[in-house]
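Trainee: Could you take me through one part of this model closely? I would like to see how a single piece sits in its surroundings.

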Amino acid sequence: MKNILLEGLYILAGLVSLITAYMAYKDKELKTRTGTAVFWFLLAFTFIVGKYVPPEVIGVAILIMGGLTAFKQVNFGSLKNAPDAFREEKSQKFGNKLFIPALTIAVVAFAVGQFTDLGGLVGMGFGAILATIIALVMTKVETKYIGYDGSRLLGQVGSASILPQLLAALGALFSAAGVGEVIAQGISGVIPQGNILAGVIAYCVGMALFTMIMGNAFAAFAVITAGIGIPFVYTQGATPWIAGALALTAGYCGTLMTPMAANFNIVPAAILETKDKNRVIYSQVPLAIVLLITHIVLMYFWAF
Amino acid sequence: MLKLIGVLIIVVGFVMRLDTIAVVLVAGIVTGLVGGLSVQEILSTLGSAFITNRYMSLFLVTLPVIGILERYGLRETAARAIRSIKAATSGKVMTTYTIVRELAAAFSLRLGGHVQFIRPLVYPMATGAAEMNFEELDEESIEEIKGRSAASENYGNFFGQNVFIAAGGVLLIVGTLGELGVEVTPAQVSGASIPIAIFAFVYAAVQNYLFDRKLAKRLTAKKTQAED
């Protein structure tokens, strides 16, 4: 039952991507409209029929999508939000009621995840559908904006929206090629096998350092979990969801300390016109270090 | 050792700011090749992992309603709520923003942002509070208020988001561990993200409290009229 419902939601997600492809193709102001449209069409294809075609075909589709982004063919077009005056007027009119549909998604996701065996994802899907209906009734907006505004937001997120899925696929390739074992062997010279505290420190600090180097905790998670997490933490008997949750936020501590995470640290400094472009990082370093140590302590005592 | 070339490609590619998706794909393919997989095996591993992890992109179904709400002034309404914060000191302005931002993130409301909230609202409010309390703000104090205002957005955003059961980070953990043979559920991971969310907020509040005290030491307090 759960899987049938999920498959239905994937079709809905695919439709959002398909409409985005159509909007991009129709967008005369978008110079790369063909490439952009192909990218979103292929994503829609993987969502809607992905389960029924051979995985090699999906692999090829992903390579094409990667080629399109590599050659900067996937861009955001000219879809617009409403004018400032309209938004201000509606904001005055509806006030805090606007939060109701927005919160519906999380509340339904939580409730379905907690009280049924359908899981939070199906809950989020139901929540989104219910929220859309509430928003339509409340605002009386023309239904064409369901597709228009969905495409607008997806276009703004852009090709980065498939990054988590790709990183999971990278993890699968690393695992098939045995990368984890190689890193584990290299590190086992430094970390004594079976020393849980050393493993926990290596995992948390490794996440933070790798995130600082790459500026991206998601990518660090795939690499460090395969190399350090599995041999030195998970197979030592860690409660996996606790270790996993803490490892990712340990990576976020690294994000707070690196200019590589430009979106979070350098761009804001520019927006605020600070004298020193690393000002935001200076403010964050003390908290990041204390919080990283907290991660190590929590993982050591709580996950074991 | 050669198998680590994929890791090297990722690091070099990210540091050089090459296209993220292309870098990840190249790293995966090269790793597969040096790991002895055939081209077909690489494609099918890539494809089937992509398909089993489609749930990570299920947030697509929430985009239409969020887009419509933004069209009808969701951000403007949130900005009004932030503006109504009554806080007496710079640190308290930032602490209040962090808790609001963190709770919003935990409910998957993406209502923050340095452009939308920090520059136009939080930073002026924090500076305003300091100007109320002290005679003249020196340059260093203004710089620090800027840095800390931006940080208050990052703290709330980073450490609140994984409390939501279908957050991108939560699904990444579930999916990546699954590919490595460790099964966990989104509900377990989001639950395990709560303690750090609390710690992050408490630390932020302490940091802001200490900052208020530092300002009080460094700057001259405004005399109230009663004392004149």
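Mentor: Start with the buried residues of H5(A). They are A:Pro101, A:Ala102, A:Thr104, A:Ile105, A:Ala106, A:Val108, A:Ala109, A:Phe110, A:Val112 and A:Gly113. Keep in mind that this is a predicted model. Helix H5 of chain A covers residues 99–115, which makes 17 residues. From first C-alpha to last, H5 reaches 24 Å, close to the 24 Å expected at 1.5 Å a residue. An α-helix has 3.6 residues a turn, so residues three or four places apart point the same way. Keep that in mind as you read the list of buried positions.

Now look at the partners. Within chain A, the buried residues of H5(A) pack against helix H6 (119–139). From chain B come helix H4 (63–71), helix H5 (74–83) and helix H10 (186–192). Always check the chain.

Next, place the helix in its chain. Chain A is divided into domain 1 (2–70), domain 2 (84–141) and domain 3 (178–302). The centres of domain 2 and domain 3 of chain A are separated by 34 Å, taken over C-alpha atoms.

Turn to the meeting of the two chains. On chain B, 102 residues are in contact with 125 residues of chain A. Helix H3 of chain B, residues 39–52, gives the most to this side of chain B, with 11 residues. That side divides into 61 nonpolar, 29 polar and 12 charged residues.

The inside tells a related story. The largest nonpolar core has 180 residues. Those with the most contacts inside this core are A:Leu167, A:Tyr203, A:Met207, A:Phe221, B:Leu58 and B:Ala166. Helix H11 of chain A, residues 217–232, supplies the largest share, 12 residues. Take A:Leu167. Beyond its neighbours within four places in sequence, A:Leu167 is in contact with A:Phe218, A:Ala219, A:Ala222, B:Val24 and B:Leu172.

Finally, the partner chain. Chain B has 11 helices and 0 strands. Its domains are domain 1 (2–52) and domain 2 (58–223), and their C-alpha centres lie 35 Å apart. The C-alpha atoms of chain B fill a box of roughly 85 × 40 × 30 Å along the principal axes. Chain B has a radius of gyration of 23 Å, whereas a compact globule of 228 residues would be near 17 Å. Even so, 57% of the residues of chain B count as buried.

Key: Residues numbered from 1 in each chain as written. Chains lettered and ligands numbered in written order. Predicted model: local features only at pLDDT ≥ 70, side-chain atom pairs only at ≥ 80, totals over all residues. Domains from an automatic or database assignment. Core = buried A, V, L, I, M, F, W, Y, C linked by C-beta atoms within 7 Å. Buried ≥ 20, exposed ≤ 12 C-beta atoms within 10 Å, placed from the backbone. Helix = DSSP H or I, 4+ residues; strand = E, 2+ residues; numbered from the N terminus. Contact = placed C-beta atoms within 7 Å. Nonpolar A, V, L, I, M, F, W, Y, C, P; charged D, E, K, R; others polar. Expected span 1.5 Å × (residues − 1). Rg over C-alpha atoms; globule rule 2.2 N^0.38 Å.
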